[in-house]
Amino acid sequence: YRTSFTFDMFLDESLRYLSRGAFVKQNCQGTSARIHVLIELLQSRRVLLIVDGIERWLLGWMQGDAIIAMPANADGRASGQDGLDDFLRQVSGLTNGTHLILTTRAMPSALDRVSVKLVPVYPEEQESRLRGMEPEDAVEFMRRQRVNGTDSQLAAIGARWNWHPLALAVFSGLVLKRYGGNVERMPNLNVLDPRFPLNSLLDETRHHLPDSALSDRIMMAASLVEENPTIRLIAVGLQSLLPDESISEDRLVDNVISLAEWQLLDWDGRIDSVAIHPLVREYFGSLLNPSERRALHLAFAEFYAREDPGVAPASLADVRTRILAVIHHSYAGNVIAAESLLFDEFNQGISFLDWLAGSGHHVTGIDLLSRLIDSSVGSEKGRLLSLRGGLRTELRDFARAIADLDEAVRMLGEMSKSSKPELVLDLVGALINRGNAKREQSDISSLADLDLALTTLAGVSGLRWIVTVDWL
């Protein structure tokens with residue numbers, strides 16, 4: 001849920017795994033072409049393919065619609081990722097013994113008319129909600145965390161927390177470390193009070209952490225990372241938050257291990273990775289003030305930019321660090337640095353955005369542009385809208401492409417009255433992009449956009465070159 005894993009990335013990873021490393025992205029760049037190859041691989045031998053949390057790729061979920069799980073809401077259950085609907089329809093037709101298992105809180109509408117087997121976790125209701133643990137499982141869970149108490153005491157605690165596994169894990173860590181696991185020794189913390197929220201439990205836990213000041217900063221830094229952070233990356237964040245303090249790696253690792261014992265994070269020393277529950281991330285992230293948040297995002301962006309491998313990329317995995325650098329720069333509001341990563345020369349004389357589009361990663365390009373659009377104003381926002389509209393045209397998402405381009409033409413048209421050549425050229429580009437989108441829909445007004453683009457270009461004095469447009 002935090003690593004921005006897209007259907008585009010799923011295609012690359014699946015093809016690489018099923019082809020045993022023989023998949024070459026340069027020979028199969030478009031989404032449709034990769035889906036075709038993946039279906040052939042799935043048809044060639046029996047495969048059990050499991051996709052966990054596929055609702056994250058549905059349109060309603062991506063737009064924050066809380067009711068997309070309702071069967072009548074077919075639009076909200078449509079794909080929000082290029083090619084997903086086509087893949088689901090095609091994979092449902094395989095007859096060689098290959099099976100696709102989806103865990104989801106909303107059934108993709110692409111599967112409404114195909115044969116599927118539903119195994120509900122709970123009885124079907126109008127709205128799907130995440131549930132807590134079963135009472136007996138919650139009691140057993142707390143006992144495994146070495147919490148001591150009668151069954152009725154532990155059941156009462158579980159019920160007050162709605163059997164929420166995260167709350168019970170944090171509670172267990174607190175009672176174990178502070179009171180030796182005995183719930184009866186907790187006179188100052190009335191966990192049976194139904195008004196006691198999760199944030200209050202985390203507040204209480206923070207007060208009893210060893211090396212609490214550093215532990216706090218570790219959790220705050222880790223909470224803003226877009227992926228599961230390494231010790232090295234957490235150290236970068238700490239240097240931003242505590243510039244005058246030198247923290248050894250041993251002290252940092254010791255604190256991370258302690259935080260894992262308190263159930264605030266999961267630490268995997270084998271891969272040097274820290275995982276934090278989204279609710280815990282949200283809590284510790286909220287403790288940062290705006291300047292601290294910006295400083296952390298800038299530090300992470302610069303770290304990822306330095307990690308850029310600089311080799312010829314073949315998949316999104318090869319450019320992961322560059323994507324994360326753009327994302328963190330956008331969070332920091334550092335649009336200029338993010339644009340530099342997107343538009344400066346990247347590989348073989350082309351920009352990173354051009355590489356994404358040329359490699360079939362339009363969705364990733366659109367996501368990165370959208371982040372910058374949200375932080376931009378004026379002519380810069382118009383130019384970014386024009387570029388996003390162009391990518392959406394290539395995906396044949398014409399309605400949203402034209403909406404972007406209409407806004408880009410309006411904004412750039414107003415700004416170009418200053419007669420600055422670069423603004424006029426941006427307007428010409430937006431008009432041509434809109435003309436292309438309309439032409440794909442056989443809209444005759446596309447000719448008017450081309451004519452206006454050429455007329456606008458002819459009005460710029462001092463240009464010493466000729467623009468030719470293939471409009472056939």
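At what angle do the axes of helix α5 and helix α7 cross, and within what distance do they come? Please keep in mind, as we look at this together, that the model is a predicted one. The axes of α5, which covers residues 135-144, and α7, which covers residues 165-179, come within 10 Å and cross at roughly 30°. Because angles under 35 degrees count as roughly parallel, α5 is described as roughly parallel to α7, and the crossing in which α5 passes α7 is right-handed. On the side of α5, the contact is made by Ala138, Phe141 and Met142, while α7 brings Pro165, Leu168, Ala169, Phe171 and Ser172. Of the residues in this contact between α5 and α7, seven are nonpolar and one is polar, with no charged residue among them.

Let me now turn to helix α15, residues 335-343, where Val335, Ala338, Glu339, Leu341 and Leu342 are buried. When we look down the axis of α15, these buried residues fall within an arc of 160°, and so they line one face of the helix. What do the buried residues of α15 pack against? Their partners are the helices α14 (320-331), α16 (352-358), α17 and α18 (378-394), together with the strand β6 (350-351).

That brings me to α17, which spans residues 362-374 and contains Thr364. Is Thr364 buried or exposed? With a relative accessible area of 6%, Thr364 is buried, because anything under 20% is counted that way. If we leave aside residues up to four places away in sequence, Thr364 touches Asp8, Leu316, Ile323 and Leu356.

Terms used: Residues are numbered from 1 along each chain as its sequence is written. This is a predicted model: local features need pLDDT of at least 70, side-chain atom pairs count only at pLDDT 80 or more; totals for chains, interfaces and linings use all residues. Side-chain values use heavy atoms; hydrogens and water are left out. Helices (H or I, at least four residues) and strands (E, at least two) are DSSP runs, numbered from the N terminus. Buried means under 20% relative accessible area, exposed over 50%, partly exposed in between (1.4 Å probe, protein chains only). Contact means heavy atoms within 4.5 Å. The arc is that of the directions from the helix axis to the C-beta atoms. Axes are lines fitted to C-alpha atoms, for helices over the stretch in contact, and angles run from 0 to 180 degrees between N-to-C directions. Angles under 35 degrees count as roughly parallel, over 145 as roughly antiparallel, 65 to 115 as roughly perpendicular and the rest as oblique. A crossing is left-handed if the near helix is turned anticlockwise from the far one by less than a right angle, and right-handed if clockwise. Ala, Val, Leu, Ile, Met, Phe, Trp, Tyr, Cys and Pro count as nonpolar, Asp, Glu, Lys and Arg as charged, and the others, Gly among them, as polar.
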